[in-house]
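Morning, everyone. Please have a look at the model on the screen while I talk.

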Amino acid sequence: MKLYYSDASPYARCVRVFICYHKIKGIEEIIANPFDNAPELLRVNPLAKIPCLQLNDGSALFDSEVIMRFLDTEFGQSRLFGTMVNNWSQQCHFSLLKGIFESAVSLRQEQLRDEEGLRSAFWTSRFEQALLRGLKEIETIGITYSAELTALQVMLVCLLEYIDFRHPDILWRNLAPALGLWLKETQKADAFVATRPA
């Protein structure tokens, strides 16, 4: 199998954490810049998005959630996603995390538009406020309570570290101090250390 990914992508990092946590062997990790439209990536994902997992039969899975669910089912006895089966509250929490991810990544993209003189103050503020509201909600819904690592917690660690990496000016710990304390301990796990962007 081959995983096409970018080191800085929080979506790709979630997938790589699953691979590391489940100790999955035989996956070749290939750095890919989705903006290059490289023929190799386009052959497996016509959308030219990462992460993308090419299976041994030549078919491909894309979208980080699809890949994570596949890896967890096939190689991890559904340990990370297991508690979410038919638990609509947790499914909603997962969607909330995905929405915060989108806000954080969109905020980064908006910042990059600064170089072109096209950055929008409206969208910058909207993405940042959505991110902060989302984190405030996350702190209250119990994602961090499980002593065993879950898919929700993998998403949360990757999200919070992405915010620290790309948006160090956002002082989210002032708004969600309990999340900050939880992250300080949880991020020490081998799967997070091994996949942290340089």
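I'll go through the strands, then the aromatic rings, then the nonpolar cores. Keep in mind that this is a predicted model.

Strands first. Strand β1 covers residues 2–5, and strand β2 covers residues 28–31. The two run parallel, joined by 4 bridges. Find Tyr 4, and opposite it, in β2, you'll see Ile 30.

Next, the rings. How many aromatic pairs does the structure hold? There are 6 aromatic pairs. Let's take Phe 18 and Phe 81. Their ring centres are 5.7 Å apart and their planes meet at 40°, so this pair is tilted. Where do the two residues sit? Phe 18 is in helix α1, residues 10–21, while Phe 81 is in the loop between α3 and α4. The pair therefore ties together parts that are 63 residues apart in sequence.

Are these two buried or exposed? Phe 18 has 0% relative accessibility, so it counts as buried. Phe 81 has 6%, so Phe 81 counts as buried too.

Phe 81 also pairs with Phe 94. That pair is tilted as well, with 5.7 Å centre to centre and 55° between the planes. Phe 94 belongs to helix α4, 13 residues from Phe 81. Phe 94 is buried, like Phe 81.

Now the cores. In soluble globular proteins, nonpolar side chains tend to be buried together. Here, the largest nonpolar core has 53 residues. Among those with the most contacts inside it are Leu 71, Leu 159 and Trp 172. Which element gives the most to this core? The answer is α6, with 11 residues. Other elements that give two or more residues include β1, α1, α5 and α8.

Zoom in on Leu 159. Setting aside neighbours within four places in sequence, Leu 159 is in contact with Leu 97, Ile 100, Phe 101, Ala 104 and Leu 135.

Finally, there is a second, separate core of 7 residues. Ile 30 is one of them, the residue opposite Tyr 4. Ala 32, Ile 50 and Cys 52 are also included in that core.

Key: Residues are numbered from 1 along each chain as its sequence is written. This is a predicted model: local features need pLDDT of at least 70, side-chain atom pairs count only at pLDDT 80 or more; totals for chains, interfaces and linings use all residues. Side-chain values use heavy atoms; hydrogens and water are left out. Rings of Phe, Tyr and Trp (its six-membered ring) pair if their centres lie within 6.5 Å; planes under 30 degrees apart count as stacked, over 60 as edge-to-face and the rest as tilted. Buried means under 20% relative accessible area, exposed over 50%, partly exposed in between (1.4 Å probe, protein chains only). Two strands pair if DSSP finds at least two bridges between them. A nonpolar core is a set of buried Ala, Val, Leu, Ile, Met, Phe, Trp, Tyr and Cys residues joined through side-chain atoms within 4.5 Å. Contact means heavy atoms within 4.5 Å.
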